[in-house]
Structures are given as structure tokens and as C-alpha cells.
Amino acid sequence: MPVTSNRLRLVVTACAVLAAAVPVLLSLAYARHDARGRVQERARIYAAEVLHRSDSTAAQAQSAVDRLSALPGDPCSASHLALMREIDVDSSYLQAVGHVEGGRLTCSSLGEGGAPLPLGPVTLTSPAGAELRTDVRLSQQGPTFVVVEEHGYAAVLHKQLPLDVANDTGELSIATFSIPSGIVLTQRGEVSADAIRRSARGRVVTLVEDGRATAVAGSKKWYIGTVAALAPAALHREEARSRRLFLPIGLLLGLALAALVLLLGRRRLGTAAGLRAALRSHEFYLEYQPVVDLQTADVIGAEALLRWRRPDGQRMRPDVFLAVAEDVGLMPQITRRVLELVRADWDRLTVGRQGFHLAVNVSAKDIDDAPTVELLTRLRDLRNGSIIIEVTESSVLDRQRAAAVLSRLRSCGLQVAIDDFGTGYSSLSYLQTLPVDYLKIDKSFVDSVGVGAATSNVAVHIIDMARALDLRLIAEGVETEEQASFLRSHSVQYAQGWLFGRPVGLDSWPWNVAPS
Ligand code: C2E
Ligand code: CA
Ligand code: CA
């Protein structure tokens, strides 16, 4: 088995592995994305819940201060103390309310008497002007509280109550903090300063940081933010669950795709093997499509188009089997066969004619293949006409090399045409450096003629370009009289297409001139 088929087999196997791997990798990536989304959503719900409680706490504190300041008289009067007790009873989030003077709680809802209680240093002043202390003890052994002071009145806030959202897994860390200072007010578990820094009023941000799904929410009304972070274990669990769901789908899809690739690959390998057999058992033949002079409507030549009829009678499109031939390195043998067929058909095709032009297609590989070029030059010995070698723009990768080969062919009496012109990177400067006789206007531009498509301008542009370079034009794929008269009126010399004749085998070639 030739090396080239092994290479194709290797490519097919690699493609199959890739086809299997891609959906699997995608399913894993999607499972991760899906899990992250869900855990972040849970963190967002916790952060929002804590924010709701914090908002209520702040509202209760504000209302307490406002009501006490509105009451005239001594701030520790009996009526004030009564109001303090009433507020205390009514406000679920407040531990106490009282009056502050010089940093000491002089009286409060907790009862009269006793020395004024020092509250300690102010931790921060909110942008709205309230002074906050975050570590205040009302008794030596008791818990610490947050104290908000404004207009001489203070609200003592529970630290744990706002954080009291249901999560008994121990995976949830939550905190409330002040915007924009970022100073933590209350906290349970570890939260990152980085996450807090992302907070903004009235906005929720979710992220995954060090494997922890985190949500940061900012209050619309107060300068309070909350952060909720779930331990990496929560994400791991969710990812495992998502994987169980999506990985089987990815595996199934991967297997199906790999099977498809193998099937197509086997078909291609089959084509490659078929091509070799076809070369041995002469399954190739040529069809000829007439090329006419647009002014006189005379058939002045033809294009040779390769055909493959398989033993079962099936015909395969040349662009399909030629692509495989190109892949497995069979192009030189195929072109050699085409040239043999041209020689064999030549006399019948040109009988009774002078100056018949037969166009032969060659591929990029042919131009680089010295033995093929040598065979092409030998076509000079054909009588009663000449050969046009059709190359596409894409086959001219190394322009200097191609120019040298094409010059050699021309010096042997062959002519050169650029096939499918306009579909590649054609430019004036590109053409100037190539020794060329004809441009073949690609069918796509001929199709657009007269239908008002933007590309119909391209046809005119190509015509102008050819004229500037003194090249002759052959329009391809002419199907309607309208296209033909457009081309004629633009002085395009030659055309081929179904309007004038489809490709036919030599036996059906109707343009023979009887020998005189
Ligand atoms: P190409 O060189 O552009 O050949 C013209 C293609 O357009 C041919 O298709 C022809 O049958 C088709 N055609 C001609 N007139 C019309 C028309 O009016 N309307 C429509 N719709 N189509 C039209 P085909 O024979 O299938 O060949 C396809 C391609 O295969 C060729 O395109 C050429 O690139 C390649 N090819 C064919 N024979 C050979 C060969 O011997 N050697 C090489 N290297 N390539 C070849
Ligand atoms: Ca062609
Ligand atoms: Ca063409």
C-alpha cells in the first residue's frame, strides 16, 4: 500500500479522534459553566437575602433615631426613655436604642441607672453622616454589637440577625460591609476583600474566586453591601452533578461524529483505492466542451474535461475525485492519463480543421512536477491546432517558479490561460508578471451579468483589465443569449457554456468537419 494512503489513513484517524474529543471537551466545559452559573445564583440569593435584612435593620435604626430626635426635651427624659423602650420592643433587629454623649451611652432602652457606658472608638462615618462603631460590648461577657449614632441618639444592632439565613452546610460565608469604605460590619466565615471591592450601590456582581462562588450586592437605599461566598466544595459537588448530566451527551455526540468521520474517511480511502484501480483499468475518458468565437458563432476549439465512469456505471464529479487525487498524490498519474487521452483523441477532434484550440486543465502540483511539465512540452508535436494550458490562480503560489514554467511551455508553442479568473487574488500587477495568453472569466461573474448584482461590475472590470494587458478573454458558463450579447457588446472574443454546447464524449462530438 503506498505511503500516501497511509497518510490519508493517519489524517482520517486523527480527525476521528478530534471529532470524538471535541464534543466531550465541550460537554465538560459546558458542565463547568452550568455548575458555576447555578452556584453563583445560590450565592446571589444568599447575598440578596442578607441585603434585605440589612436594609430592614438600617431602616429600623434610621426610624428610631428620627423618632427620638423629633421628641422635644431632655434626651434622657422619662418620655424619651418610654419611647426608647417602645421602639426597642417594636424593632426586631435592634438590641437597644439610647442617647450618646461624648462617646458614652448615657441612657437607653435597656434601663436607667448605672454609669454611662463607653462605646469605644468610631469605626467609620457613613457618607450620609452616621457614625458607626462595629465592636461594641454592652456587658463584659456578652456579644459585640454595631452601634449607629446620629443626632446624639444611637441604635444598637444585632450582628448575627441580618446574617441569619438558612444554610446548615457550613459552606456559606457572609458579611455586611459599608460602601464605599469596604469596612466589614458583620461577618460569618471568611470573605475576600477583593470581592468587597467590586461592590456598587444598587448592583449585584457574581464571580468565582479561588473556587468559591461569590456574590456581592449593594443596597439601593443605604451605604450597605453584602457578600456571600460558597466554599469550593459546593462548586465541586455541582460540577460533578453537571458532568453526570452532560458528559454522556458529549460522549454520545463524540462517538457519532467520530463514526461519521470514519465513514467519510473510508469513503475517501475507497475513492483513493478506486482511483488507482481506474488508472490501471482505463476507466477515465475525456469529454469536450466547445469554445465558440462570439462574433462568428464558429466553434474554434474545446476544453477537455476529465470523466470517470466506475465499473458499476456510477459517475463521480471530477472536482470531487480530483480533490482526493490531489490529497493522495495521484495527480501526476492522472494528468499523464489526461495527456495520453488528448493524444489519442486529437486526430478525430481536429479532423479537417486548422487552428483548433484544445484547452487542458492542469493542477497546482503539475506545475511543480518536472516530468509532467516535460510531457506538456511534448504536446508541441500535435498538428492542426494548439494546446491551451489552463492553470488556476491558486495553483500559482510561487509566482517566479510558475512564471518560469509557463514561459517554457509558451516557448514550446503552447498557450496559457488563467482559469476561474476573478475568484482568486487576481490583480493587475499579478498578471503583469505572468506569461499568459487568455483569461477565463469565471462562471460566477457571467451569471451576474444583467441581473443587477454587484459582481456584474467585476465582469466589466475583468474585461477592462484584459484589454489593458492585451489578453484574450474566454467567458465560462454562458447559459443565456442575454449573457452572450452582453459579452459580445463588451468585445469578449470567446465563450463556452451550455448555450453553445455541453461537454460531450468524442463519439457525440458534433462539430467535426468532414475532411475535404
Ligand atoms: P473548470 O475548469 O472551471 O471547468 C468548467 C466546469 O463548468 C465543467 O465542470 C463544465 O462542465 C462546467 N460548465 C461548462 N459550461 C457550463 C454552463 O453553461 N453551466 C454550468 N452550470 N456549468 C458549466 P466539470 O466538468 O464538472 O469540471 C469541474 C472542474 O474539475 C473543472 O472546472 C476543473 O477545475 C476540474 N477538471 C475537470 N477536468 C480536469 C482535468 O482534466 N484536469 C484537472 N486538473 N482538472 C480538471
Ligand atoms: Ca478549466
Ligand atoms: Ca473554469
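**Contacts, burial and metal donors: questions on definitions**

Student: Which residues is Ser 219 in contact with, leaving aside its neighbours within four places in sequence?
Tutor: In this predicted model, Ser 219 is in contact (heavy atoms within 4.5 Å) with Leu 51, Asp 55, Arg 201, Gly 202 and Ile 224. Residues are numbered from 1 along each chain as its sequence is written, while chains are lettered from A and ligands numbered from 1 in the order of writing. As this is a predicted model, local features need pLDDT of at least 70 and side-chain atom pairs pLDDT 80 or more, whereas totals for chains, interfaces and linings use all residues; side-chain values use heavy atoms, without hydrogens and water.

Student: What makes the side chains of Ser 219 and Asp 55 a polar contact?
Tutor: They lie 2.8 Å apart, and the term asks for N or O atoms within 3.5 Å, one able to donate a hydrogen and the other to accept it (residues adjacent in sequence count only through two side-chain atoms). The pair therefore qualifies.

Student: Why does Ser 219 count as buried?
Tutor: Its relative accessibility is 0%, and buried means under 20% relative accessible area (exposed is over 50%, partly exposed in between; 1.4 Å probe, protein chains only). Ser 219 is therefore buried, although its place is in the loop between strand S11 (212-218) and strand S12 (224-230).

Student: Which residues are the protein donors of the calcium ion (ligand 2)?
Tutor: Glu 303 (OE), Asn 361 (OD1), Glu 390 (OE) and Asp 419 (OD) are the protein donors, 2.1 to 2.3 Å from the ion. A donor is an N, O or S atom within 2.8 Å of the metal, or 3.2 Å for Na, K and Ca, so these atoms meet the limit; water is not among the atoms, so sites may look incomplete. Along the chain the donors follow the spacing E-x57-N-x28-E-x28-D.

Student: What does Asp 419 bridge?
Tutor: Asp 419 bridges the calcium ion (ligand 2) and the calcium ion (ligand 3), which lie 3.9 Å apart. Glu 303 in strand S14 (residues 299-309) and Asp 419 in strand S18 (residues 415-421) are 116 residues apart. Both are buried, Glu 303 at 4% and Asp 419 at 7%.

Student: Why is strand S16 described as largely enclosed by the rest of the structure?
Tutor: Because 5 of the 6 residues of S16 (residues 356-361) are buried. S16 is joined to S14 by 4 bridges, running parallel, and to strand S17 (residues 385-392) by 6, also parallel. Pairing requires at least two DSSP bridges, so both pairs qualify. Within S16, Ala 359 is the bridge partner of Glu 303, and His 357 has Ser 386 in S17 as its partner.
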